Amino acid sequence: MPQRRLIPITCSDILFEYKLSGKGIYLARYARIIGWGKYLPQKVLTNQELERLVNTSDAWIMSRTGIRERRIAADDETASSMAVHAARAALKVAGLEPHCLDLVIAATCTPELIFPACAALIQNSLGAKNAAAFDINAACSGFIYALATACQFIAAGAYNNILVVGSEVYSRILNWKNRNTCVLFGDGAGAVVIQASDAPPGSLSFVLGNDGSRANSIYTPGPCGLNKGPYYITMNGPEVFKFAVNVICLATKQAVKAAGLELSDIELLIPHQANTRILKSAAKAIGLPLEKVFINVDRYGNTSAASIPIALCEAIEEGRLKEHDHLVLVGFGGGLSWAAMVIEWGPRPKKL
Ligand code: ACO
């Protein structure tokens, strides 16, 4: 097994408004994405329909966020049930039976139960009887946190086949009378199956970070805390906006450097889909042409931990990734957290 190299990169490499710590970690046993899938609930909620619920307008939502419509889970849908649809699609692409999975990790902050984990319910529904299962909650950065965690199990030689899912039902934690938040979010799920490989393509590097001193910038209280409810999302929009633009830029640059690459080597950036204005400002700050930034927030709104795997799935379906392309996933959200991962895109490993 090749020795793992750790390349620490501090934020003093790049000057930023926020002083953020973070280490770029180089990976030496590779995790290759061999399957992908998504699930979006059928119900579409348009901006015009929101105009009838709160004092807002299609023009305001489009100009401030770029969101045109979002999906809303049916009454009988949950984070785990949506995740199972996405996971089945990913397993089909991977050509893998559920019993071959060693681990299921679910990234969600809207699970139907406090425990057991959403991943435990997904494992059971899939029949992934040989898999361990647990959840990760890093809000909208959760999918990359989960993927980086899965990569560690692969790098350590512990597991070979891992399902990573992001699934959210934010419609259940929104105050539908609060126009500051209810226009921004949507429901959905995305999944990938990753497989161990001793050689690239695969995951090359990642960056994870968090600034807990700003936990109150965006949060949802829960039933085990001091707040008696209702349990609605609360957010300081402009503060999260500034943070997001800075941190997308910082984390992307750190992860690209840790992978031993230049920004010019990156063919596609798949950011957390929160707001088109955030993504355009971040692309400009990074120095990446907008054509290299995948955007689908217009159709789904902010689906939190599900947004990156849904976007990845659509980027693949649209033929935006070729073999050996370098791809950056980058997320930000409650915590305040951030995460980025560089992946060399490639086919299924030949032997395992
Ligand atoms: N319709 C009409 N007017 C509205 C609406 C709405 N839906 N929402 C807010 N406004 C009003 C405000 O009340 C305010 O009015 P006022 O000036 O009379 O007080 C005005 O519009 C401007 O409000 P701002 O908050 O300054 O608007 P801004 O341009 O910052 O856009 C937005 C708001 C879209 C929320 C933006 O700040 C943003 O996208 N922030 C990031 C949010 C985000 O990404 N959150 C997710 C993080 S990830 C996670 O972990 C969940």
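Which polar side-chain atom lies 3.5 Å from a nitrogen atom of the ligand? In this predicted model, in which local features need pLDDT of at least 70, side-chain atom pairs count only at pLDDT 80 or more, and totals for chains, interfaces and linings use all residues, that atom belongs to N180. Residues are numbered from 1 along each chain as its sequence is written, and side-chain values use heavy atoms, with hydrogens and water left out.

For T56, the separation from a ligand nitrogen atom is 2.6 Å. The ligand taken alone exposes 1,000 Å², of which the protein buries 75%; accessible areas come from the Shrake-Rupley method with a 1.4 Å probe, and for residues only the protein chains shown count as cover.

The elements that contribute two or more residues to the shell around the ligand are α2 (58-65), α6 (179-182), α7 (237-258), α8 (276-286) and β14 (326-333). Helices (H or I, at least four residues) and strands (E, at least two) are DSSP runs, numbered from the N terminus. Helix α7 supplies the largest share, 4 residues. By class, the shell holds 15 nonpolar, 10 polar and 3 charged residues, where Ala, Val, Leu, Ile, Met, Phe, Trp, Tyr, Cys and Pro count as nonpolar, Asp, Glu, Lys and Arg as charged, and the others, Gly among them, as polar. Domain 1 (31-197) and domain 2 (203-344) both give residues to this shell, so the ligand lies between them; the domain bounds come from an automatic or database domain assignment.

Rings of Phe, Tyr and Trp (its six-membered ring) pair if their centres lie within 6.5 Å; planes under 30 degrees apart count as stacked, over 60 as edge-to-face and the rest as tilted. The pair of W36 and W345 is tilted, because the ring centres are 5.7 Å apart and the planes stand at 50°. As W36 lies in strand β3 (residues 30-39) and W345 in the segment after β15 (337-344), this pair ties together parts that are 309 residues apart in sequence. W345 is buried, at a relative accessible area of 8%; buried means under 20% relative accessible area, exposed over 50%, and partly exposed in between (1.4 Å probe, protein chains only).

Y170 and F185 form a stacked pair, with 5.1 Å from centre to centre and 25° between the planes. Y170 lies in the loop between β8 (161-169) and α6, and F185 in the loop between α6 and β9 (187-197), 15 residues apart. Both members are buried, Y170 at 5% relative accessibility and F185 at 3%. Ring pairs also join F134, F153 and Y159 into a cluster.

Two other buried residues complete the description. E314, in helix α10 (residues 307-317), has a relative accessible area of 4%, and its side chain makes a polar contact of 3.0 Å with the side chain of N296. I194, in strand β9, is buried at 1% relative accessibility. The C-alpha atoms of I194 and L91 are 9.9 Å apart in space, while the two residues are 103 residues apart in sequence.

How values were computed
A polar contact is a pair of N or O atoms within 3.5 Å; within protein, one must be able to donate a hydrogen and the other to accept it, and residues adjacent in sequence count only if both atoms are side-chain atoms.
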